[in-house]
Amino acid sequence: MIQLSHIEKTYASPAGPVHALKGIDLTIDTGEIYGIIGLSGAGKSTLIRCINLLERPTAGQVLIDGQDMLALSEKELREARKDIGMIFQHFNLLSSATVYDNVAFPLRLAGRKEADIRAKVESLLELVGLANKAQQYPSQLSGGQKQRVGIARALASEPKILLCDEATSALDPQTTKAILELIRDINQKMHLTVVIITHEMGVIKEICNKVAVIANGVIAEQGSVLDVFMHPQQDITKEFVSVVLSNDLPAAFRQVEILPEPAPDTSLLLRLTFIGENADEPVIADTIKKFPELAISILFGDVNEIQNVPFGRLIIGISGEQARIDEALQYLGSRDLQKEVIGYVRQPA
Amino acid sequence: MSASLLDLLLPALGQTIYMVVVSMLVATLIGVPLGVLLHTTGKGQILENAALNKSVGAVVNAIRSIPFIILMVAIIPLTRLLVGTAIGTTAAMVPLVIAAVPFIGRQVETSLKEVPYGLVEAAESMGATPLQIIWHVLLPESRASIVAQLTTVIISLVGESAMAGAIGGGGLGDLAIRYGYQRFRPDVMLATVVVLIVLVQLVQFAGNRLAKSLDKK
């Protein structure tokens with residue numbers, strides 16, 4: 001378990017002190033894949049470096065499995081770091097060493113025997129799918145292959161935690177997906193705690209269980225990925241979520257005026273969200289049966305998955321007598337779903 | 001080429017090579033660690049130490065600003081102390097080493113600066129000690145660049161060793177001055193110049209080849 005409490009980091013700069021982190025509290029449970037998302041300059045890279053103390057926080061506490069990292073001597077810290085693997089945006093491989101020697105590097109630092117190293121490196125290269133590239137140099141590899149070497153190297157010392165600093169930001173979407181799958185596999189096989197720093201909401205959606213949104217050196221919002229995606233509270237979170245789950249209205253509605261109050265000859269636009277099992281319930285059919293005099297039409301719909309939980313979104317239009325529309329709204333409110341009134345449009349739905 | 005010219009050239013060439021090789025070896029043994037010190041004690045580096053960095057840097061700059069011909073004469077007492085005499089090929093190597101060490105230090109520092117800091121950070125994240133980072137990251141990653149820089153130093157040593165002829169150091173420079181210039185033997189002068197050109201070309205060629213074979217980027 002990683003516990004960060006009241007983490008602050010201030011840098012001196014020619015323009016005066018820069019307050020990069022302003023009191024971060026974060027708890028990451030063992031075995032989780034925890035995503036930290038923020039825009040560049042939000043302080044997320046500084047934050048992840050405060051976990052293995054590549055950056056020492058100016059104030060606050062870093063506990064890993066109960067051990068106070070800031071109280072360790074240099075020597076003890078070096079030992080503790082062997083339990084924390086790290087991968088980087090630009091891979092940071094030794095260009096003068098082969099793939100094999102790169103993966104062997106942390107083992108040689110630890111003074112392990114060559115025979116042990118060979119066995120370990122071979123099994124790691126097998127794991128990341130690069131067994132046939134052992135004698136190549138990093139410059140001969142693609143970006144995705146380089147990151148696989150980075151992952152193998154990070155795992156060599158059998159860490160309990162894997163820190164990923166923008167690990168897929170330099171990769172194309174397909175390679176990103178493959179690398180994320182590999183990270184998820186490792187997380188499950190080795191019961192590794194994974195901390196991921198990213199500016200891409202797609203990465204969070206793909207593999208994280210928990211997410212924290214960081215902005216201006218503070219955590220704006222945190223929670224399970226499903227919760228944060230379904231009920232984003234802060235504007236910054238809504239913006240991130242909208243990148244992967246667009247909340248834009250379908251093109252046909254962007255041109256028309258949306259009124260906040262009903263007027264004659266308008267129909268109600270309603271956004272409905274179904275999560276998990278209740279995505280299967282025939283809510284719309286029930287509503288149509290119950291309110292046969294209302295005209296209900298489905299204008300937009302999609303189905304997505306977050307963390308293997310399906311959720312569907314619908315935009316429906318309802319027109320008819322206003323009193324009945326209000327009753328229908330109440331009825332929908334009683335069902336297990338989220339509804340949001342978008343407004344009223346002056347066109348038959 | 002007459003036998004007498006060869007008899008003059010070969011021993012002189014031998015003395016030049018002897019002076020350059022030995023002083024280069026000694027200077028490299030001191031200069032590379034000096035370059036590592038200059039780099040790693042710099043701002044934001046693994047052994048950051050502003051006081052040490054500034055004072056060593058000042059000494060390096062001071063020695064580098066003395067023209068070789070003056071340095072050679074100025075340190076005669078030191079030379080005498082170290083090798084027992086201020087005259088001869090061995091004595092000439094003392095100023096050669098002293099001139100080359102700060103030169104190599106700065107060149108190696110420049111090479112080490114080219115190593116991306118991310119590599120150092122990655123090694124730190126694996127629990128590497130500063131010494132391990134120097135030995136396993138900084139030096140191997142900059143080896144091609146260091147070889148290229150050292151090649152430059154060797155070539156400047158060839159030139160300086162010629163000046164060392166002035167204090168009886170022997171070698172090709174000495175030959176050119178005593179025979180070519182003072183005894184009016186243009187054939188000796190020309191032959192010396194040709195040998196020096198060939199020597200420098202060979203050093204540069206070998207240095208380039210080695211640097212290229214070490215570069216895996």
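**A hairpin, a helix and the contacts**

Mentor: In this predicted model, strand 4 and strand 5 of chain A form a hairpin with 2 residues between them, and Asp65(A) in the turn has a positive phi of about 50°. Ask about that turn to begin with.

Trainee: Is Asp65(A) buried, partly exposed or exposed?

Mentor: Asp65(A) lies in the loop between strand 4 (59–64) and strand 5 (67–68) of chain A. Its phi is positive although the residue is not glycine. Asp65(A) has 13 other C-beta atoms within 10 Å, so the class is partly exposed.

Trainee: Which residue stands opposite Ile64(A) in strand 5 of chain A?

Mentor: Strand 4 and strand 5 of chain A run antiparallel and are joined by 2 bridges. One residue of strand 5 of chain A, Asp68(A), stands opposite Leu63(A). The residue opposite Ile64(A) is Gln67(A).

Trainee: What is the bridge partner of Gln3(A) in strand 4 of chain A?

Mentor: Strand 1 (residues 2–11) of chain A pairs with strand 4 of chain A over 5 bridges, in the antiparallel sense. Leu63(A) has Asp68(A) opposite it in strand 5 of chain A. In strand 4 of chain A, Gln3(A) has as its bridge partner Leu63(A).

Trainee: Which strands are the edge strands of the open sheet of 4 strands in chain A?

Mentor: The pairing in this sheet is antiparallel and the strand order is 2-1-4-5. An edge strand pairs on one side only, and here the edges are strand 2 (18–28) and strand 5 of chain A.

Trainee: Phi of Asp265(A) is also positive. Is Asp265(A) buried or exposed?

Mentor: Phi of Asp265(A) is near 60°. The residue is found in the loop between strand 11 (258–259) and strand 12 (267–275) of chain A. With 11 other C-beta atoms within 10 Å, Asp265(A) is exposed.

Trainee: Within what arc do the buried residues of helix 9 of chain A fall?

Mentor: Helix 9 (residues 235–244) of chain A has Thr237(A), Phe240(A) and Val241(A) as its buried residues. Seen down the helix axis, these residues line one face of helix 9 of chain A, because they fall within an arc of 95°.

Trainee: Which residues are exposed on the other side of helix 9 of chain A?

Mentor: The buried residues of helix 9 of chain A pack against several elements, among them strand 3 (33–37), helix 7 (201–207) and strand 10 (218–224) of chain A. Helix 8 of chain A is also one of the elements they pack against. The residues exposed on the other side of helix 9 of chain A are Asp235(A) and Val243(A).

Trainee: Which helix gives the largest share of the side of domain 1 of chain A that touches domain 2 of chain A?

Mentor: Chain A is divided into domain 1 (2–244) and domain 2 (251–345), with C-alpha centres 41 Å apart. In the contact between them, 6 residues of domain 1 of chain A meet 5 residues of domain 2 of chain A. The domain 1 side divides into 4 nonpolar, 1 polar and 1 charged residues. Its largest share, 4 residues, comes from helix 8 (residues 225–230) of chain A.

Trainee: Which helix gives the largest share of the side of chain B that touches chain A?

Mentor: In this interface, 18 residues of chain B are in contact with 20 residues of chain A. Helix 6 (117–125) and helix 7 (130–141) of chain B are the elements that give two or more residues to the chain B side. By class, that side has 6 nonpolar, 6 polar and 6 charged residues. The largest share, 6 residues, comes from helix 6 of chain B.

Note on methods. Residues are numbered from 1 along each chain as its sequence is written. Chains are lettered from A and ligands numbered from 1 in the order in which they are written. This is a predicted model: local features need pLDDT of at least 70, side-chain atom pairs count only at pLDDT 80 or more; totals for chains, interfaces and linings use all residues. Domain bounds come from an automatic or database domain assignment. Two residues are in contact if their C-beta atoms, placed from the backbone, lie within 7 Å. Ala, Val, Leu, Ile, Met, Phe, Trp, Tyr, Cys and Pro count as nonpolar, Asp, Glu, Lys and Arg as charged, and the others, Gly among them, as polar. A residue is buried if 20 or more other C-beta atoms lie within 10 Å of its own, exposed if 12 or fewer, and partly exposed in between; C-beta atoms are placed from the backbone. Two strands pair if DSSP finds at least two bridges between them. The arc is that of the directions from the helix axis to the C-beta atoms.
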